[in-house]
Amino acid sequence: MTRYVLRAASLAFALGIWQLLTSLNIDLWLRFSQFPTVADVARAFADRLSGLDYWTDLTDSLTRILTGFLLAAVLGVATGVLVARSRLAEDLLGPVLEVVRPIPAIALVPVAILLFPSNEQGIVFITFTAAFFPVLVSTRHAVRALTPVWEEAVLTMGGGRWRILGSVVLPGALPGIFGGLSVGIGVSWICVISAEMISGQYGVGYRTWQDYTVVNYAGVFVGMVTIGVLGWLTSTAVEVLGRRLTRWLPRTSYVPAGRTPRRVSRAAAAVPASPTPQEDVPHDQLV
């Protein structure tokens, strides 16, 4: 409860500083007088919530994000495992992937416009490209970092390649895979908003850019807040799913000095504490 109170207080403090600087028109080096106040943004947000366009933009952006991200998750994991496990695949696909990977996804907008028959498909392609490479790289490194002892154990017991893939490779690489997925969903939001600003017709990014062109700065901040909340929710969903699928991993948490962890795993609780030398050896023998 204390941690949640601290988080709420931190957010309230940041909003209070924003309201104070903008309401007093502070202009030292940063021009806060050009910013809308928190109250202005709250009123604009309430007006948007009562309209249909806001929910249409929200639905379009979420659809584009989920479609591109799911495609990137499936193909990124499959390609990463293939490149990490096969020298032939690494030789054939590695050079092409490494050349394309440094190109920012938003720089591919002209390519998407020329390549796809509709803007909607082009935006999904940009979202897919943005998430694909973080997932690919993290999966490749996670698979290569697996200890060969596990694979040898499965081979000793008569398991084949598919058994190794399902029992060793994918479970062992899950922590790294979800690390890439968490990064990929954040990058996807950045790129889909930029793509909507350039070539979209609906969406949070398109609406935010339209507000900027008509000098509606309160509406611009409504779009920014919406993007931030949606990005936080989707990233949290990916992290929660990752924790659920990797329950077998040992968990570490910060424990202040002088305190003991409140939660103890069942396995640790079932192991009896080893006796100290003072408990099983007489004191005169210890001396």
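**Note on a predicted all-helix chain**

1. A search of the whole structure finds nine salt bridges, a salt bridge being a side-chain nitrogen of Lys or Arg within 4 Å of a carboxyl oxygen of Asp or Glu. This is a predicted model, in which local features need pLDDT of at least 70 and side-chain atom pairs count only at pLDDT 80 or more, while totals for chains, interfaces and linings use all residues. Residues are numbered from 1 along each chain as its sequence is written, and side-chain values use heavy atoms, with hydrogens and water left out.

2. The chain holds 13 helices and zero strands. Helices (H or I, at least four residues) and strands (E, at least two) are DSSP runs, numbered from the N terminus. Of the 287 residues, 31% count as buried. Here buried means under 20% relative accessible area, exposed means over 50%, and partly exposed lies in between (1.4 Å probe, protein chains only).

3. Among contacts in the chain with a separation of 6 or more, 69% are between residues 24 or more positions apart; a contact means heavy atoms within 4.5 Å. The accessible surface of the chain is about 18,900 Å², and carbon and sulfur atoms hold 65% of that area. Accessible areas come from the Shrake-Rupley method with a 1.4 Å probe; for residues, only the protein chains shown count as cover.

4. The largest nonpolar core has 50 residues. Such a core is a set of buried Ala, Val, Leu, Ile, Met, Phe, Trp, Tyr and Cys residues joined through side-chain atoms within 4.5 Å. Ile126, Phe132, Leu181 and Trp189 have the most contacts inside the largest core. At least two residues of this core come from each of α2 (38–49), α3 (52–85), α5 (109–115), α6 (119–144), α8 (161–199) and α10 (217–245). Helix α8 gives the most, with 14 residues. Leaving aside residues up to four places away in sequence, Phe132 touches Ala72, Leu75, Gly76, Thr79 and Leu97.

5. Which parts of the chain does the pair Glu196 and Arg64 link? The side chains of Glu196 and Arg64 meet in a salt bridge (2.7 Å, N to O). The pair links distant parts of the chain, with Glu196 in helix α8 and Arg64 in helix α3, 132 residues apart. Glu196 is buried, at a relative accessible area of 0%, and Arg64 is buried as well, at 3%.

6. Glu98 and Arg101 form a salt bridge through their side chains (2.9 Å, N to O). Glu98 is partly exposed, with a relative accessible area of 34%, and Arg101 is partly exposed at 37%.

7. Because Asp40 and Arg43 are three residues apart in helix α2, they are separated by about one helical turn. Asp40 counts as partly exposed, at 28% relative accessibility.

8. Gln19 lies in helix α1 (residues 2–23) and is partly exposed, at 28% relative accessibility. Gln19 and Thr37 are 18 residues apart in sequence and 5.4 Å apart in space, C-alpha to C-alpha. Not counting residues up to four places away in sequence, Gln19 touches Thr37, Val38 and Ala39.

9. Two backbone angles deserve a check. Most residues other than glycine have a negative phi. Asn25, which is not a glycine, has a positive phi of about 55°. Asn25 sits in the loop between α1 and α2 and is partly exposed, with a relative accessible area of 47%. Val215 also has a positive phi, near 60°. Val215 is found in the loop between α9 (204–213) and α10 and counts as exposed, at 54% relative accessibility.

10. Val215 belongs to a nonpolar surface patch together with Met197, Ile198, Trp209, Tyr212 and Tyr217. The accessible area of these residues together is about 590 Å². Patches are made of residues with over 30% relative accessible area and no salt bridge: like charges are joined within 9 Å, nonpolar side chains (Val, Leu, Ile, Met, Phe, Trp, Tyr) within 5 Å. The elements giving two or more residues to the nonpolar patch are α8 and α9. Tyr212 lies in helix α9 and counts as partly exposed, at 45% relative accessibility.
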